[in-house]
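Thanks for coming. I will go through one structure today, starting with its sheets and then moving to the helices and a few local details.

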Amino acid sequence: MKKKLFIAGGGYAEIPLIQAGQQLGYHVITSGNRIHDIGHRYADEYHLADFSDKEAIYTLAKMLEIDALCACCNDFSALSCAYAAEKLGLPGHDPYGTALIIHHKDRFREFAWKHCIPSPKAMGFHSVADALNSINTWRFPLIVKPVDLSGGKGMTKLTTPHQAELALEYALNCSRSKRIVVEEFIEGTRHGFSAFVRNGRIVFYFSDNEHYYQNPYLVSAASTPSIVPKSVEKTLCVESEKIAQLLHLTDGIFHVQYILRDTEPVILEITRRAPGDLYIQLVQHATGVDYPSYIIKASAGLDISDLAQAEPTGFFTRHCMMAAQEGLVKNFRFNTCIKDKIVESIIWGKVGDRVTDVMTSKFGILFLKFDSMHEMLEKTEQMQELICVTTE
């Protein structure tokens, strides 16, 4: 009888994790509160359960008598899995209290400043009134955000104190835990650093460049190799190992989002689950490393001792298809200069779909390979015009 792997989620981003689990011999079970999510079609079994509800995930995992647990590409899922794994005595996950430090922005900022880890100056608040009382002592511009959301949800950039009250109320209303963080606005180029921790040391890392479209806080594309100097990657390895050792992190993925200010990285976010939008496929295309499989192995407490550093073997981009205007999707238009660069695609959008939010709506993901760094960077910045979702 096959062992049971429970993935707390089942969207398109989880498809590689589901397939990796099956290739490792597991009976894969997914969950979520949207029964039509694409990933569930690939799983061996599906149960209706909100992955952001830690008690629901624990109860379901216990009932199913699972052997291994893996988070989907969402921080709420990572927290629920840490909680359930701790209660069930399953390996591959940090203690729940540690997961809260990693995934809640106010707790991580406090931890980072206490231990001199480069991150924005920040303060956390439970109320708008408390935040307003201190905000005039800050130097503008500032960023206001919920402590527990990603993808730019609930975020506002403040350039004057007059904007503060509405921004604070907006962030607080968006937050599930009703906590917000106010932090300094950092100028620079934005990047990702996806690594694997083993015995407190970084044994693999992957660097990218982040690209944005209409939403300045939602990554619409990622490209690799990164433009950052090797010295920056070395600094990130040192800081990541410092965090891993201070928090006694279990073996597994350690994904960092940061801003390169001049020549120094400033860490914005850390997560211990797979990044979204099929990022793990970008790693696999660029390096040949079976990233989904290693994420499953680590989450299940299996051996990852054969994972070693591998550099990108070409110039790759992961691109999210997004529309410029609201309306009904008329067609998907591909410029002739880009068609032969596509190495893989998954498109779930259809003609006639309604676009209600151009800031977040995605209709497909493509992976492209280019002939040079210059071509990669130039074409990636033009991608929303070269691969266009037209509406009417």
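One definition before anything else: two strands count as paired if DSSP finds at least two bridges between them. Helices (H or I, at least four residues) and strands (E, at least two) are DSSP runs, numbered from the N terminus. What you see is a predicted model, where local features need pLDDT of at least 70 and side-chain atom pairs count only at pLDDT 80 or more, while totals for chains, interfaces and linings use all residues. Residues are numbered from 1 along each chain as its sequence is written, and side-chain values use heavy atoms, with hydrogens and water left out.

So, the sheet with four strands. Its order is β5-β8-β6-β7, it is open, and the pairing is antiparallel. At the edges are β5 (122–125) and β7 (156–158), each of which pairs on one side only. On average, neighbouring strands here are turned by 25° against each other, direction ignored. For all such angles, axes are lines fitted to C-alpha atoms, for helices over the stretch in contact, and angles run from 0 to 180 degrees between N-to-C directions.

β5 is joined to β8 (residues 180–184) by four bridges, in the antiparallel sense. Which residue of β8 is the bridge partner of Ala 122? It is Glu 183.

Helix α5 (residues 105–114) lies across β5, β6 (142–146) and β8, at about 45° to β8. Helix α7 (residues 164–174) packs on the sheet and touches β6, β7 and β8, with its direction about 25° from that of β6. Contact, here and below, means heavy atoms within 4.5 Å.

Now the helix pairs. Helix α3 (residues 75–88) packs with helix α4 (residues 96–103) at an angle of about 165°, and their axes are 8 Å apart. The two are therefore roughly antiparallel. The cut-offs: under 35 degrees is roughly parallel, over 145 roughly antiparallel, 65 to 115 roughly perpendicular, and the rest oblique. α3 passes α4 in a right-handed crossing. As for handedness, a crossing is left-handed if the near helix is turned anticlockwise from the far one by less than a right angle, and right-handed if clockwise. On the α3 side, the contact is made by Asp 75, Ala 78, Leu 79, Ala 82, Tyr 83 and Glu 86, and on the α4 side by Tyr 96, Ala 99, Leu 100 and His 103. By class, the α3 and α4 contact has seven nonpolar, one polar and two charged residues. In that scheme Ala, Val, Leu, Ile, Met, Phe, Trp, Tyr, Cys and Pro are nonpolar, Asp, Glu, Lys and Arg are charged, and the others, Gly among them, are polar.

How do α4 and α5 pack? Their angle is about 85°, with the axes 5 Å apart, which makes α4 roughly perpendicular to α5. Leu 100, Ile 101, Ile 102 and His 103 of α4 meet Lys 105, Arg 107, Phe 108 and Phe 111 of α5. That contact divides into five nonpolar, one polar and two charged residues.

The next pair is helix α6 (residues 128–135) and α7, whose axes come within 10 Å and cross at roughly 140°. These helices are therefore oblique to each other, and the crossing is right-handed. From α6, Val 128, Ala 131, Leu 132 and Ile 135 meet Ala 164, Glu 165, Leu 168, Glu 169 and Leu 172 in α7. The class count is seven nonpolar, no polar and two charged.

There is also an open sheet of three strands, in the order β17-β15-β19, with antiparallel pairing. β15 (residues 327–334) and β19 share five bridges, and Asn 331 stands opposite Thr 390 in β19.

Last, some backbone details. Most residues other than glycine have a negative phi, and most peptide bonds are trans. The bond from Phe 140 to Pro 141 is cis, with omega near 5°, and Pro 141 lies in the loop between α6 and β6. Thr 224 and Pro 225 are also joined by a cis peptide bond, with omega about 10°. Asn 199 has a positive phi, near 55°, and is placed in the loop between β9 (189–198) and β10.
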